[in-house]
Amino acid sequence: MAFEPWGGTNITPSYQLRQSRESRTDFTSGSPVRTEYRKSRVQSAGTTANLRLLSWFTPQLTYKSDTNENSNLTLSTRTAAGTTHFFDIGDLKAVTRNASGGVTLPLNGAEIFPGFRPVKSLTVQAGYQLQDGDSWQDVEQGFDSLKLLSVRQKIVPKSPVAQELNATLRDTYNVNVRWAPFEAYLFAGRLSAFQTLSITNNYTTSLERKSVTGTRTRTLSKTLPDLLTTLGQVEKLVHAERWMSNGQVNGRWTQRTTRTVGLSLTSEESYGTDFRFVAFKKLDTSLTYHNRTSDQQDLRVKQTTSAAKH
């Protein structure tokens, strides 16, 4: 079901719940004893939205949360803080949650500045994404995890034996820029090749917080620049139209760093170029150069553990 509160805006929520129960009859005591308990529950809830706030400003939102509960279907004992606890069938359950979502904001230079030719082809897409998940075991059956629509809402069980097995929270921010600076201009003769010039750059940064059976880590990643430049019709610039066609040169440059706080730091840089053309209308030709360096440090001992150059 979609809602349209105003023109150009729509909001579409979604929800699904599946659950199953099981009953058993025990005759070991001489008379039948019937028990019934929940076996599993699976919930999926989310929404998507396009919000037209201005003619050129329309953010897009998505979010989805999945929760799975599976009961322990055996008689069991657990020990916590030196005390042994006994549990009947269905008294405990495992809970797994996953959530993902984001906000995307596309911007177009021609829509924001319609009369300004230098930005006619400029597009910017900014975004934020989250990816979360956690897993618990031996949570008491009475705890309702379905009401927690975000993994960032902590599970606080009363069961003395409940345990968080793992949890991951990840936030990512990115900006993508595309620009053909001379696309809106008309150049005569050989200079018309510059109308094909295109520049693309990406910026990405993320923060990941992870816990595995109580061991916690924080990892920060950044990519900048992630640059690609492209120029076509190269044969016009080098006066080679007689034997060359479809000439295109690409240049790339990327830097990435990944830091696990207090543990390690990894740095990577790569750059290169390739030149492609068709010679004499028959031979597809490609010339490529690529260079890559990487460095990894152990922050605990402040030493470089590996370095490579390709």
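**View 1. Arg152 and Asp171 form a salt bridge in this predicted model.** The closest N and O atoms of Arg152 and Asp171 are 2.9 Å apart. The pair links distant parts of the chain, since Arg152 belongs to the loop between β7 and β8 whereas Asp171 belongs to strand β8, and 19 residues separate them. Asp171 is buried, with a relative accessible area of 8%, while Arg152 is partly exposed, with a relative accessible area of 34%.

**View 2. Arg152 also meets the side chain of Asp132 in a salt bridge.** The N to O distance in this pair is 2.7 Å. Asp132 lies in strand β7 (residues 123–140) and Arg152 in the loop between β7 and β8 (163–179), so the contact ties together parts that are 20 residues apart in sequence. Asp132 is buried, its relative accessible area being 6%; because the limit for a buried residue is under 20% relative accessible area and partly exposed begins above that class, Arg152, at 34%, counts as partly exposed.

**View 3. A salt bridge joins Arg292 to Glu268.** Here the closest N and O atoms are 3.5 Å apart.

**View 4. Arg41, Glu69, Lys93 and Asp144 belong to one salt-bridge network.** These residues are joined through salt bridges that share partners. A search of the whole structure finds 19 salt bridges.

**View 5. An open sheet is formed by 12 strands with antiparallel pairing.** The strands follow the order β1-β2-β3-β6-β7-β8-β9-β10-β11-β12-β13-β14. At the edges of the sheet stand β1 (10–26) and β14 (303–309), each of which pairs on one side only. Neighbouring strands of this sheet are turned by 10 degrees against each other on average, with direction ignored.

**View 6. Strands β10 and β11 pair in the antiparallel sense.** Strand β10 covers residues 215–232 and strand β11 covers residues 244–260, and their pairing extends over 12 bridges.

Methods:
Residues numbered from 1 in each chain as written. Predicted model: local features only at pLDDT ≥ 70, side-chain atom pairs only at ≥ 80, totals over all residues. Heavy atoms only, no water. Salt bridge = Lys/Arg side-chain N within 4 Å of Asp/Glu carboxyl O. Helix = DSSP H or I, 4+ residues; strand = E, 2+ residues; numbered from the N terminus. Buried < 20%, exposed > 50% of the residue type's maximum accessible area, 1.4 Å probe, protein only. Pairing = 2+ DSSP bridges. Axes fitted to C-alpha atoms, helices over the stretch in contact; angles between N-to-C directions.
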